[in-house]
Amino acid sequence: MGLRRDVLAKGSATDHAVFASVARIHNRINETLFDRPQDYAPRFATKPSGGIDPRPWCQGFYAAINFNIKKWKSLLDLNNPNHGLLLPILIYCVDKKGRPVLGKPRPGPETARFIEHEAYKDIALVIPALREPHYVTHYDPQ
C-alpha cells in the first residue's frame with residue numbers, strides 16, 4: 001500500500017482512510033473464505049481481446065507472499081505436498097528479473113493453451129485451501 005509500518009499511530013487522515021479501505025476489502029474476502037468459501041472468486045483483468053488475464057491478480061498474490069515470505073516458505077518447498085496448491089497462481093508469475101517463477105514453461109501448443117485458457121480456473125478452488133495453513137487475521141481499520 002506504500003504506507004509506513006506505524007501508519008495507525010502516526011499516519012495522516014489520508015493514510016488512515018487508505019488503510020481502512022484496504023482493511024475492509026481484506027476482511028470481506030477473509031469472511032467469505034471463512035464462512036462461504038464456495039462463494040469466493042478472484043477478480044481477474046480482461047484482455048483487450050476479451051479473454052481472461054489472471055497475470056495481474058497472480059502477480060499481486062505473489063507480491064503479498066513475498067511481504068511475509070517466512071510464513072509461506074513451507075508451501076514454496078517443492079517437497080511439501082501442498083506446494084501444488086500454489087501452482088495455478090505461480091504459473092502466471094515472474095520474479096524481480098522478469099523470469100517465470102516456475103521456470104520456463106515446456107514449449108508447445110498444449111502448454112500455451114493450458115496457460116492461456118485453463119490453469120487460472122483452479123485458482124478459485126485453491127484459495128480456500130491455501131487459507132488453512134496460512135490463517136489470515138482480520139485487520140482493525142480504526
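**Starting from one residue**

Guide: Glutamine 38 is exposed, because its relative accessible area is 61%, and exposed takes over 50%. Bear in mind that this is a predicted model.

Visitor: Where does glutamine 38 lie?

Guide: Glutamine 38 sits in the loop between H2 and strand E1 (45-46).

Visitor: How many Å separate the C-alpha atoms of glutamine 38 and leucine 125?

Guide: Their C-alpha atoms are separated by 8.3 Å. Along the chain, glutamine 38 and leucine 125 are 87 residues apart.

Visitor: Back to H2, then. Is phenylalanine 34 buried or exposed?

Guide: Phenylalanine 34 is exposed, with a relative accessible area of 55%. This residue belongs to helix H2.

Visitor: Let's zoom out. How many helices and strands are in the protein chain?

Guide: The protein chain has seven helices and two strands. Along the sequence, their pattern is α-α-β-β-α-α-α-α-α.

Visitor: And what percentage of the residues count as buried?

Guide: Of the 142 residues in the protein chain, 28% count as buried. The accessible surface of the chain is about 9900 Å². Carbon and sulfur atoms hold 57% of that surface.

Visitor: What about contacts between residues 24 or more positions apart?

Guide: They account for 57% of the protein chain's contacts with a separation of 6 or more.

Visitor: On to helix packing. How do you describe a pair?

Guide: Two packed helices are described by the angle between their axes and the distance between the axes.

Visitor: At what angle do H2 and H7 cross?

Guide: The axes of H2 and H7 cross at roughly 90° and come within 10 Å. H2 and H7 are therefore roughly perpendicular to each other.

Visitor: Which residues make that contact?

Guide: H2 brings Asn30, Leu33 and Phe34. H7 brings Ile127, Pro128 and Arg131. By class, the contact of H2 with H7 has four nonpolar residues, one polar and one charged.

Visitor: Now H3 and H7. What angle do they pack at?

Guide: Helix H3 (residues 55-67) packs with helix H7 (residues 123-131) at an angle of about 15°. Their axes are 13 Å apart. H3 and H7 are therefore roughly parallel to each other. H3 passes H7 in a left-handed crossing.

Visitor: Which residues of H3 and H7 are in contact?

Guide: On H3 they are Trp57, Cys58 and Phe61. On H7 they are Ile123, Ile127 and Leu130. This contact of H3 with H7 has six nonpolar residues, no polar and no charged ones.

Visitor: And H3 with H4, what's the angle there?

Guide: H3 and helix H4 (residues 69-76) pack at about 115°, with axes 6 Å apart. H3 and H4 are therefore roughly perpendicular to each other.

Visitor: Which residues meet there?

Guide: Phe61, Ile65, Asn66 and Phe67 in H3 meet Ile69, Trp72 and Leu76 in H4. The contact of H3 with H4 counts six nonpolar residues, one polar and no charged.

Visitor: Last topic. Which residues in H7 are buried?

Guide: In H7 the buried residues are Ile123, Val126, Ile127, Pro128, Leu130 and Arg131.

Visitor: What covers the buried residues of H7?

Guide: The cover includes helix H2 (13-35), H3, H4 and helix H5 (87-90).

Definitions and conventions:
Residues are numbered from 1 along each chain as its sequence is written. This is a predicted model: local features need pLDDT of at least 70, side-chain atom pairs count only at pLDDT 80 or more; totals for chains, interfaces and linings use all residues. Side-chain values use heavy atoms; hydrogens and water are left out. Axes are lines fitted to C-alpha atoms, for helices over the stretch in contact, and angles run from 0 to 180 degrees between N-to-C directions. Helices (H or I, at least four residues) and strands (E, at least two) are DSSP runs, numbered from the N terminus. Angles under 35 degrees count as roughly parallel, over 145 as roughly antiparallel, 65 to 115 as roughly perpendicular and the rest as oblique. A crossing is left-handed if the near helix is turned anticlockwise from the far one by less than a right angle, and right-handed if clockwise. Contact means heavy atoms within 4.5 Å. Ala, Val, Leu, Ile, Met, Phe, Trp, Tyr, Cys and Pro count as nonpolar, Asp, Glu, Lys and Arg as charged, and the others, Gly among them, as polar. Buried means under 20% relative accessible area, exposed over 50%, partly exposed in between (1.4 Å probe, protein chains only). Accessible areas come from the Shrake-Rupley method with a 1.4 Å probe; for residues, only the protein chains shown count as cover.
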